[in-house]
Amino acid sequence: MAPALPCSRPKLLLLCVALAFLLAVDVGRADIYKDIQIIWSADHTYYFMDGDSEALALSLDFNRGSAFKSNDMYLYARIDIDIKLVEGNSAGTVCTVYTISEGPWDIHDEIDLEFLGNSTGEPYTLHTNIFAYGVGGREQQFKLWFDPSAEYHTYSIVWNPRRITIEVDGVTIRSYDNNEEHGVPFPAWQQQRVYGSLWNADDWATQGGRVKTDWKLAPFVSYYRNYNITYCRPSPGVSWCGAEPAGSPVFNLAPKARADMQWVRDMGYVIYDYCTDRSNRYNDTTRPKECSLPPRP
């Protein structure tokens, strides 16, 4: 895998990303055993063969949860991972896959997928958020159209200079456009590392914290496999993705992706969107600027 580069300052960006691209030209598939490391509670995790795939189990009990992180960091990439969530009554638990930069916290970037547990018979909530230059608050929440604890499903973060999209089994459910020219921050220069975790958040995770974790059911277990990284590819003759000409169609959102997002809304799978929040959170003057901008190509 391409080594992490010390791209901690904007003025080093061009050199670092060019070097990252050269190092990554032949990089494709990652390996969940070789390319991640356990960072919380190694005694609460285990690797095993799930069919033909190496899989990782994370567990949570009353004492602690567990987590991993990727060995490498990335700037513009597609990240795919298969996850099977906690079965049965998982209220209070949160299973995650996310990316985050490692520079100063007040300017950090982050792309979150958090699966909020459920009481038996109720759907999981997929909570997504994007932080750019230290500012988050861009939550969208979804209910899934299948039982994510019955089998593995593929969750994807696709990050390029034009936008960040989130996919579930190849269905695009969300797009966050790069509108830096309008003064909207976008993760564009800090490398990010991939993390996954299983932890307790029963103060807020299920029905706003009204339903607590039932520790008699512990340990709770979630499973990860098929961790895959595909580096961003620019058009022929362009040195790296960040140098793609502004008018290039390479990163245009495909018609299928637009149709996917419309289907997700039409079917009622979007259960919260910060841009349409009409509560006391925002008013017409405080609503984030990107909410009033037209979607990019």
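**Exercise 1. Which residue in E8 is the bridge partner of Leu116?**

Before starting, note that this is a predicted model, in which local features need a pLDDT of at least 70 and side-chain atom pairs count only at pLDDT 80 or more, while totals for chains, interfaces and linings use all residues. Residues are numbered from 1 along each chain as its sequence is written, and side-chain values use heavy atoms, with hydrogens and water left out.

Solution. Step one is to find the strands, which are DSSP runs of E with at least two residues, numbered from the N terminus. Strand E7 covers residues 110-116, and strand E8 covers residues 125-131. Step two is to check the pairing, for which DSSP must find at least two bridges between two strands; E7 and E8 meet this with seven bridges in the antiparallel sense. Step three gives the partner: Leu116 is bridged to Thr125 in E8.

**Exercise 2. Decide whether E7 is enclosed, and sort its side chains by direction.**

Solution. A residue is buried when its relative accessible area is under 20%, exposed when over 50%, and partly exposed in between (1.4 Å probe, protein chains only). Seven of the seven residues of E7 are buried, so this strand is largely enclosed by the rest of the structure. In a regular strand the side chains alternate between the two faces of the sheet. In E7, Glu110, Asp112, Glu114 and Leu116 point one way, whereas Ile111, Leu113 and Phe115 point the other way.

**Exercise 3. Describe the surroundings of Asn118.**

Solution. First locate Asn118, which lies in the loop between E7 and E8. Its relative accessible area is 6%, so Asn118 is buried. With contact meaning heavy atoms within 4.5 Å, and not counting residues up to four places away in sequence, Asn118 touches residues including Gly88, Asn89, Pro123 and Thr206. An unreviewed UniProt entry carries the annotation "glycosylation site" for Asn118.

**Exercise 4. Find the disulfides and compare their handedness.**

Solution. Counting pairs of cysteine sulfur atoms within 2.5 Å as disulfides, the total is two. In one of them, the sulfur atoms of Cys232 and Cys241 are 2.1 Å apart; the S-S torsion is about -105°, so this disulfide is left-handed. Both Cys232 and Cys241 are buried. In the other, the sulfur atoms of Cys275 and Cys291 are 2.0 Å apart, and the torsion of about -75° makes this disulfide left-handed too. Cys275 is buried at 18% relative accessible area, whereas Cys291, at 22%, is partly exposed.

Conventions:
Helix = DSSP H or I, 4+ residues; strand = E, 2+ residues; numbered from the N terminus. UniProt positions renumbered as here; feature names shortened; annotations may be inferred.
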